[in-house]
Amino acid sequence: MKIVLKLLPAVVLAAGLAVPALAQQPTPAPKVAAAPAQPKASPAAVAAAKEILQIKNATAMYQGAVPGLVEKTKIALIQQNLNYQKDLNEVAQVVAQQLNGRQNEIGDGMAQIYASEFTEQELKDLVAFYKSPLGKKLIDAEPRAIGLSMAFMNSWAQNFSETVMGAFRAEMRKRGKEI
């Protein structure tokens, strides 16, 4: 149960980051290795998708991706090669500099995904919406609403887990076993 409670906020956060897609019918996640090539989105659709991502400040999700992955890799390598700690710390700085900016590939990929999930006109309508007073309010209020929703879900899950545990105990008692 603790694992479920730990994973719940991450799942909710991931779902919350995809709020515009909630209006769409759910589609299965594409399989990376065997995915059929999707038709290339028009440059205007991709530009509109990038504008949506910029308005929603999507870069905040991945701006630390390169340094984070470099650090994670460095730590793993140090654990396996303690004698090279000094060198690996120095190499990490070099690698981080060499790969700086590659996180933009994430934004480009996200824009392609949005452009393949929505028509060009839908993307333009979304841009107009996010620039409207209600759209701006959504962007401002959504992080707080998601945070409060996550807190509520965690509280609910904690309380409900006690209900589930009670149901297990009652059923086990019927079998003559105390847990």
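F160 has a relative accessibility of 40%, so F160 counts as partly exposed. Keep in mind that this is a predicted model. F160 has a partner, W156, and the two form an aromatic pair. How far apart are the ring centres of W156 and F160, and at what angle are the planes? The centres are 4.7 Å apart and the planes 10° apart, and the pair is stacked. W156 is also partly exposed, at a relative accessible area of 46%. Both residues lie in helix 8, four residues apart, which is about one turn of the helix.

A search of the whole structure gives three aromatic pairs. Another one of them is Y114 with F118. Here the ring centres are 6.1 Å apart and the planes stand at 35°, so this pair is tilted. Are Y114 and F118 buried or exposed? Y114 is buried, and F118 is buried too.

Now the charged side chains. Side chains of opposite charge can pair when their charged atoms come close. The search of the whole structure finds nine salt bridges. I will go through some of them, including the one between K56 and E142, with 3.8 Å from N to O. Which parts of the chain does the pair of K56 and E142 tie together? K56 sits in the loop between helix 2 (43-55) and helix 3 (59-62), while E142 belongs to helix 8 (residues 133-174), so the pair ties together parts that are 86 residues apart in sequence. K56 and E142 are both buried.

Next, E71 and K74. Their side chains form a salt bridge at 3.2 Å, N to O. Both residues are in helix 4 (residues 65-80), three residues apart, or about one turn of the helix. E71 is partly exposed at 36% relative accessibility. K74 has a relative accessible area of 15%; buried means under 20%, so K74 is buried.

The salt bridge between R173 and E178 has its closest N and O atoms 3.3 Å apart. R173, at 44% relative accessibility, counts as partly exposed. E178 has a relative accessible area of 61%, and the cut-off for exposed is over 50%, so E178 is exposed.

Last, the confidence of the prediction. The chain has an average pLDDT of 85, and 78% of the residues score at least 70.

How values were computed:
Residues are numbered from 1 along each chain as its sequence is written. This is a predicted model: local features need pLDDT of at least 70, side-chain atom pairs count only at pLDDT 80 or more; totals for chains, interfaces and linings use all residues. Side-chain values use heavy atoms; hydrogens and water are left out. A salt bridge is a side-chain nitrogen of Lys or Arg within 4 Å of a carboxyl oxygen of Asp or Glu. Helices (H or I, at least four residues) and strands (E, at least two) are DSSP runs, numbered from the N terminus. Buried means under 20% relative accessible area, exposed over 50%, partly exposed in between (1.4 Å probe, protein chains only). pLDDT is the predictor's confidence in each residue, from 0 to 100. Rings of Phe, Tyr and Trp (its six-membered ring) pair if their centres lie within 6.5 Å; planes under 30 degrees apart count as stacked, over 60 as edge-to-face and the rest as tilted.
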